[in-house]
Amino acid sequence: MSLFIASPARLMLAYRLPRSLLIGGLALATSLVVGVAQGADGNPEATTRDYHYSDAHLHFVDFFQHGDGLGDLLDAMDTAHVDHALITGIGVAKKWQQDAPKKPRYYMGDDAPVYWYSGTDYILAEALTRAPKPVQARFSPFITGFNPTDLNAADEIRQLMAIYPGFWKGIGEVFTRHDDLTRLTDGETPRANHPALMKVYALAAEKGLPVLVHSNITSKREGHEPLYLNEFESAVRDNPKTTFIWAHAGTSAELTRRLGRIEWLYDEVERMLETYPNLNIDLSWSVLEPYLLDDNGQPRSRWVKLVERFPERFVLGSDVVGRFGSVGDILSSYTPFLDALSPATARNVARDNFLRWVNVPLD
């Protein structure tokens, strides 16, 4: 169905607060439960883990600013054991131009451009602010509807924060280098160290807001070198008081399709984490395969060791775009990797790290 606003009454019906959740208006279930399975004779047979999540990368609408709506999202979160979610719009809208043979279904559906769309933040804000307080408490809304090449962007964000005081918990996903999305976007090419974004990062530091940035580490034809890494690295380096979340660790599905597994990615991610304590990594979308898991679906040991070295610097996300039925399947696909981590680190990655970044109390 089309997105827009569900009534508070419907939201209360759709929102089934898990029994273990009740911290004031917010309830957070135990993020990692370790149990013992029993064999036929009643003896312990195997140790199992039951994960609860913070979905640290979720888009409320698609590239046409439509979505399933808040009620369906809450149903999906409850089914998938998602206690909390980063929720954001889509900062661009796909144009349906008059010479198109049919209405496009995705931003790459035809050659029509996408354009920066500020209305996405208002769609999200109106949906959430009309929801009951316990529902609102399960989300951390991020601002994304601004042009990252416009020197007015920071002022526009500040104005939006004044319209909805105390509502916004972060900024992003900021689209910079992003495969064909970059090519199709009207106007100046966005990059992570653009002067307009440097002002946005300064505002984020001032307000204590984390920033989720999509910045591909290279192009789909230059897989032998980190072509765009300097753009992102200089942004992180020159804004040490800003908390950065690097979407997909600089990868994308298109890069994987064209280049396969980038062999040097691990070394660059490790170096960046060692060098910049304000940098964190989002493991959503294109990171699970072929990076975290090998061709047999087994965890790669060096990625396990890296996450254990930096147990408070990684998060998971579904990266769904306006359609929420796959949230559970996506998050559960990380189970083999989470199971390879220590229980404390798995709890951090699955849920607690993101809650800390947005100052939500842990149980």
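Helices (H or I, at least four residues) and strands (E, at least two) are DSSP runs, numbered from the N terminus. The structure described here is a predicted model, in which local features need pLDDT of at least 70 and side-chain atom pairs count only at pLDDT 80 or more, whereas totals for chains, interfaces and linings use all residues. Residues are numbered from 1 along each chain as its sequence is written, and side-chain values use heavy atoms, with hydrogens and water left out.

In soluble globular proteins, nonpolar side chains tend to be buried together. A nonpolar core is taken here as a set of buried Ala, Val, Leu, Ile, Met, Phe, Trp, Tyr and Cys residues joined through side-chain atoms within 4.5 Å. Buried stands for under 20% relative accessible area, exposed for over 50%, and partly exposed for the range in between (1.4 Å probe, protein chains only). The largest such core holds 94 residues, and F139 and L338 have the most contacts inside it. Helix α2 (residues 70–80) is its main contributor, giving six residues. Another core lies apart from the largest one; it has 12 residues, including A56, L86, F142 and L355. With contact defined as heavy atoms within 4.5 Å, F139 meets L70, L73, L74, M77, H84, A85, I87 and L128, once neighbours within four places in sequence are left aside.

Aromatic rings supply a second set of links. Rings of Phe, Tyr and Trp (its six-membered ring) form a pair if their centres lie within 6.5 Å; planes under 30 degrees apart count as stacked, over 60 as edge-to-face and the rest as tilted. By this rule there are 16 aromatic pairs. The pair of F63 and Y106 is edge-to-face, because the ring centres are 5.7 Å apart and the planes stand at 90°. F63 belongs to the loop between β3 (53–59) and α2, and Y106 to the loop between β5 (92–94) and β6 (114–116), so this pair ties together parts that are 43 residues apart in sequence. F63 is buried at a relative accessible area of 6%, whereas Y106 is partly exposed at 39%. F232 and W246 make a stacked pair, at 4.7 Å centre to centre and with 25° between the planes. Since F232 sits in helix α8 and W246 in strand β10 (residues 244–246), this pair ties together parts that are 14 residues apart in sequence. Both partners are buried, F232 with a relative accessible area of 1% and W246 with 0%. Elsewhere, ring pairs join Y122, Y164, F167 and W168 into a cluster.

Helix packing can be followed through α10. Helix α10 (residues 265–275) packs against helix α12 (residues 301–309) at an angle of about 10°, and their axes are 11 Å apart. Axes are lines fitted to C-alpha atoms, for helices over the stretch in contact, and angles run from 0 to 180 degrees between N-to-C directions. Angles under 35 degrees count as roughly parallel, over 145 as roughly antiparallel, 65 to 115 as roughly perpendicular and the rest as oblique. The angle therefore makes α10 roughly parallel to α12. On the α10 side the contact is made by L265, Y266, D267, V269, E270, L273 and E274, and on the α12 side by R302, W303, L306 and R309. These residues divide into six nonpolar, no polar and five charged, where Ala, Val, Leu, Ile, Met, Phe, Trp, Tyr, Cys and Pro count as nonpolar, Asp, Glu, Lys and Arg as charged, and the others, Gly among them, as polar.

Also in helix α10 is E268, which is buried with a relative accessible area of 18%. Not counting residues up to four places away in sequence, E268 touches I217, P226 and L229. G223 lies in the loop between β9 (211–214) and α8 (229–237). With the same exclusion of residues up to four places away, G223 touches T218, L259, I262 and W264. G223 and W264 are 41 residues apart in sequence, with their C-alpha atoms 9.3 Å apart in space.

Finally, some backbone details deserve a look. A cis peptide bond, with omega about 5°, joins G172 and E173, and E173 is part of strand β8 (residues 170–175). Another cis peptide bond joins E289 and P290, with omega about 15°; P290 is placed in helix α11 (residues 288–292). D179, in helix α6 (residues 179–184), has a positive phi near 50° although it is not glycine, and D179 is buried at 16% relative accessible area.
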